[in-house]
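Hi everyone, thanks for making time for this. I'd like to walk you through one protein model, moving from its rings to its strands. Here it is on the screen.

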Amino acid sequence: MIPASVIEDLRYRCDIESVISSYVSLKRAGSNLKGLCPFHSEKTPSFTVYPETQSFYCFGCGAGGDVINFVMRTENLDYRAAIETLAKRAGITLPDDGEYQRSDGVTRTRVLQMNLEAAKFYRKMLFDDNMGAAGRRYFIDRGLSMMAIKRFGLGYSPPSGNRMLNHLTSLGFKPQEIQTAYFAGKSERGYYDYFRGRVMFPIIDVSGNVIAFGGRVLDDTKPKYLNTSDTPAFKKSRNLFALNYAKNTDAGYFILCEGYMDVIALHDAGFGMAVATLGTALTDDQARTIKKYTGKVVISYDSDEAGQKATARAIDLLEKAGLETKVLHMEGAKDPDEYIKKFGKEKFRSLIEESRSKFDYVLENTMKKYDLANDAEKIRALSEICTYIAGIHSSVERDIYSDRTAKAFSVDRKSLETDVNARIRKLSREYDKKRRGELIRITSGLADRVNPDYAKQPKAARIEESLLGILFIHPEYCMRPVDNVPLSTADFTTELGRRLFAKVAEANGHFTLGLLGEDFTPEEVSRAGGMVAARNELSDNSEAAYDTFVRSLRKETVKQGNSSDSLEDILRRKRGELS
């Protein structure tokens with residue numbers, strides 16, 4: 001465990017305003033700072049940084065904590081790795097306490113060490129005169145230059161033997177560790193190489209670490225691709241292939257592709273802004289990651305049916321993240337790699353300049369999907385587009401798109417607008433109904449998964465959170481007796497509250513939110529951050545306020561006694577079924 005004194009020194013040297021400002025554009029709002037949350041998509045700033053308490057909280061998605069928790073979330077790091085990142089930034093040497101291995105598995109550091117050794121091994125195999133001939137031939141036949149092969153660190157895994165398993169074992173890694181890092185599988189006969197007979201694509205993060213691999217067969221054998229699954233060093237839903245290079249371009253946009261080869265071919269042709277997802281459809285996290293580096297994306301997916309479906313989904317996620325989105329329209333080739341080989345890179349550059357807006361894409365695809373000579377199908381096509389227009393927030397955009405749709409379908413614009421407005425009213429009613437249900441669940445505490453005990457005694461739980469918020473800001477109050485009796489875990493009504501208080505008490509007046517990282521989930525840390533934010537918004541966090549909350553909590557605890565009511569009993573009582 002890292003000493004509290006080290007954590008405190010780290011927080012002091014890594015001022016939260018300075019660190020977060022390197023990720024988020026912040027504006028002064030009184031004594032605090034506000035910006036657009038990096039953890040969810042929003043157009044109105046709800047992300048607040050509190051310099052006085054060195055904490056942050058988003059009132060939109062509930063993410064909160066201190067500078068350590070922020071780095072953990074932003075860089076997809078575990079607790080130890082986030083501390084190492086900040087220590088490096090601050091020039092602090094961390095105490096040596098061994099591997100810091102978690103009880104539940106292999107450390108991120110250990111996986112990164114294996115990944116680096118594996119990348120070197122695969123590269124060596126590719127350039128081995130005998131072993132790598134098939135791999136080299138595959139890349140050459142696909143038109144990759146030797147410069148691209150070396151720049152992306154491409155490699156090859158031989159088709160037979162447990163060469164990687166034996167190699168990593170010889171370096172001191174245990175078979176269980178090798179399996180955790182996805183270089184080995186396990187059968188009844190023992191461990192075996194996970195990647196065999198495949199060309200290998202290292203996945204490198206923005207810090208230059210090899211975090212994972214993708215492997216492709218040399219023929220049409222299934223599965224065509226094998227990818228590293230989530231490990232302590234890698235989460236595929238948050239990372240992107242070639243982002244380490246694309247982030248350094250000044251093109252003003254990214255090209256989003258489906259596969260590794262498309263990206264490498266585009267980089268080789270001079271389009272260094274290309275990135276790709278990692279064997280999965282685009283995710284919310286990946287869209288928000290892209291938003292950190294650019295404000296515009298050109299989607300370049302395959303033109304087949306699967307590619308079109310993926311395009312439609314990607315458009316929604318990218319625009320939800322606040323990115324301007326356009327779609328590449330290719331004819332005569334199924335993907336960018338093939339198009340550039342057929343028509344050249346200048347022609348491809350022209351395609352980018354002529355890429356379609358989201359509405360153009362939706363309108364064109366909808367008109368292709370239906371037989372517009374058939375009245376029934378034409379009505380279905382118009383209904384689909386009207387529903388799409390109704391979902392657009394901007395009235396100016398709706399006006400422009402309604403006009404273009406009416407002209408494209410040769411229908412009366414006023415009739416089309418009537419249908420659009422009817423759908424807007426329907427969507428509004430559905431939203432209001434859903435929101436009312438959410439508010440009922442939230443205010444009753446029944447939707448609380450972070451602190452499930454909240455619903456049993458909501459009044460006591462609210463007092464408890466206020467009290468903890470004060471303690472997080474003034475941990476020295478923990479040792480202050482109230483009515484001659486010090487606060488203890490017995491005064492708290494929820495299991496989460498007891499655990500949080502115990503952590504504050506353990507720190508002996510030197511508590512920081514960063515100390516929660518090892519023993520609490522990210523959601524629990526965010527909840528604690530919310531408690532701090534609630535107190536930051538109020539002026540009275542004095543000893544007198546603390547005393548008042550302690551007395552109120554004790555009063556509620558006595559009143560409730562040791563109630564063992566189940567959640568079902570609570571719900572029945574609310575409905576009046578129990579006396």
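Let me start with what I mean by a ring pair: two rings of Phe, Tyr or Trp, with the six-membered ring taken for Trp, pair if their centres lie within 6.5 Å. And please keep in mind that this is a predicted model.

With that rule in hand, the count comes to 28 aromatic pairs. Let me zoom in on one of them, Y182 with Y194. How are these two rings arranged, stacked or edge-to-face? Their centres are 5.9 Å apart and the planes meet at 75 degrees; planes over 60 degrees apart count as edge-to-face, so that is the label for this pair. The two residues come from distant parts of the chain, twelve residues apart. Y182 is in the loop between α9, residues 175-180, and β7, while Y194 is in the loop between β8 and β9, the latter being residues 198-204. Both tyrosines are partly exposed: Y182 has a relative accessibility of 26%, and Y194 has 23%.

Now, what about those strands, β7 and β8? They cover residues 184-187 and 190-193, and they pair antiparallel over four bridges. A hairpin of two residues takes the chain from β7 to β8.

Which residues do ring pairs link into a cluster? They are Y138, F139, F152, F201, Y225, F241, Y245 and Y260. One of these, Y245, also has a charge over its ring: the charged end of R151 sits 3.8 Å from the ring centre. There is another arginine like this elsewhere, R73, which lies over the face of F39 at 5.6 Å from the centre of that ring.

Last stop, the sheet. Five strands make an open, antiparallel sheet, in the order β1-β2-β3-β4-β5. At its edges stand β1, residues 27-29, and β5, residues 64-65; each has a single partner strand, so one side of each is left without a neighbour in the sheet. Further in, β3 (residues 47-50) and β4 (residues 55-58) run antiparallel and are joined by four bridges. Here you can pick out T48, whose bridge partner in β4 is Y57.

And what lies across this part of the sheet? Helix α22, residues 522-536, lies across β3, β4 and β5, and runs at about 100 degrees to β4.

That's my tour, so over to you!

Methods: Residues are numbered from 1 along each chain as its sequence is written. This is a predicted model: local features need pLDDT of at least 70, side-chain atom pairs count only at pLDDT 80 or more; totals for chains, interfaces and linings use all residues. Side-chain values use heavy atoms; hydrogens and water are left out. Two strands pair if DSSP finds at least two bridges between them. Rings of Phe, Tyr and Trp (its six-membered ring) pair if their centres lie within 6.5 Å; planes under 30 degrees apart count as stacked, over 60 as edge-to-face and the rest as tilted. Buried means under 20% relative accessible area, exposed over 50%, partly exposed in between (1.4 Å probe, protein chains only). A charge sits over a ring if NZ of Lys or CZ of Arg is within 6 Å of the ring centre and within 35 degrees of the ring normal. Contact means heavy atoms within 4.5 Å. Axes are lines fitted to C-alpha atoms, for helices over the stretch in contact, and angles run from 0 to 180 degrees between N-to-C directions.
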